[in-house]
Amino acid sequence: MSCPYHSDKDSSNYRKVEDSIHTDFKDDMSYGDYLCLEQVLSAQKPLTNEHDEMLFISIHQASEIWLKLAGFELTEAIKNVQEGDFGHAFKVIARVKQIFVQLTQSWSVLSTLTPVDYMKFRDALGHSSGFQSYGYRKLEFLLGNKNAALLKVHESNPAVHAELKQTCDSPSLYDEVIKVLANSGFAIDADMLDRDFTRPYPKSDSVLQAWIQVYENADQYFELYELAEKLMDIEDAFQQWRFKHMYTVQRIIGNKMGTGGSSGVSFLKKALDISFFPELLDLRTQL
């Protein structure tokens, strides 16, 4: 029986369901089953009746998934560098850069939230804050921005705390890259190779001089040169994300204190002064 709303003569705006398309999922796994969409799409639970709270929750939940993927990829990149598999390291690091591009764009969507509309549900957040994001914390630890004092924020979740502590105690991506520099014959100070990895990364002139040699002899050390530029891609993309985060917060709440107790925008601005790979920035002046 033909559909009364469509005819063969007027089918330019109609796409027939092909006979080969599978439509019976009583016994087969569907798209929704594979992605656990019932759980994912039922996880948005606004605490108020304010329309824009749904936007706020959706943006942050989606961001956490992207952060999880970025952490997954950076963990793989560290393993690749340890094993000398630079080709795959380049691939996953390039992917992390694009994840940060995606995350940066999400702030543009959130910035459609006006100050007046945000204040209608802000009090419902209590002391919850993006500062407590363990996905973000793991990412910063993997990239080398270590601060063991921040682990205290996650003590209420033992599994998360243990994972973050392990990441904090372990060498970062940059630490592993510096080991590669040393193994490649560059004179890296011993205290850079055997140090307390829970401490913030200390700039080193020996690392700077090694990178200068790499850049001045890029053909000879092409893999190291390419690896350094891939790291700078991450630095660039991450800083753009940080800046857009700070500016979006400033646009919505001005200089109010953050829900988690921080000073808000001024606290976020301080992050812009932190570099994951400081020698790779400094060498630009030296070349």
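These points cover the nonpolar cores, one surface patch and the cysteines of a predicted model.

1. Basis. The model is predicted: local features need pLDDT of at least 70, side-chain atom pairs count only at pLDDT 80 or more, and totals for chains, interfaces and linings use all residues. Residues are numbered from 1 along each chain as its sequence is written, and side-chain values use heavy atoms, with hydrogens and water left out.

2. Main core. A nonpolar core is a set of buried Ala, Val, Leu, Ile, Met, Phe, Trp, Tyr and Cys residues joined through side-chain atoms within 4.5 Å. Buried means under 20% relative accessible area, exposed over 50%, partly exposed in between (1.4 Å probe, protein chains only). The largest such core has 63 residues. F100, L173, Y174, L181, V207, W211 and L280 have the most contacts inside it.

3. Contacts of F100. Beyond its neighbours within four places in sequence, F100 is in contact (heavy atoms within 4.5 Å) with L139, I234, A237, F238 and W241.

4. Second core. A separate core of 5 residues includes F141, L151, L164 and C168. C168 is buried because its relative accessible area is 0%.

5. Surface patch. M29, Y31, Y34 and L35 form a nonpolar surface patch. Together the four have about 520 Å² of accessible area (Shrake-Rupley, 1.4 Å probe, only the protein chains shown counting as cover for residues). Y34 counts as exposed because its relative accessibility is 58%.

6. C36 is partly exposed, at 38% relative accessible area. The disulfide count (cysteine sulfur atoms within 2.5 Å) is 0.

Key: Patches are made of residues with over 30% relative accessible area and no salt bridge: like charges are joined within 9 Å, nonpolar side chains (Val, Leu, Ile, Met, Phe, Trp, Tyr) within 5 Å. A salt bridge is a side-chain nitrogen of Lys or Arg within 4 Å of a carboxyl oxygen of Asp or Glu.
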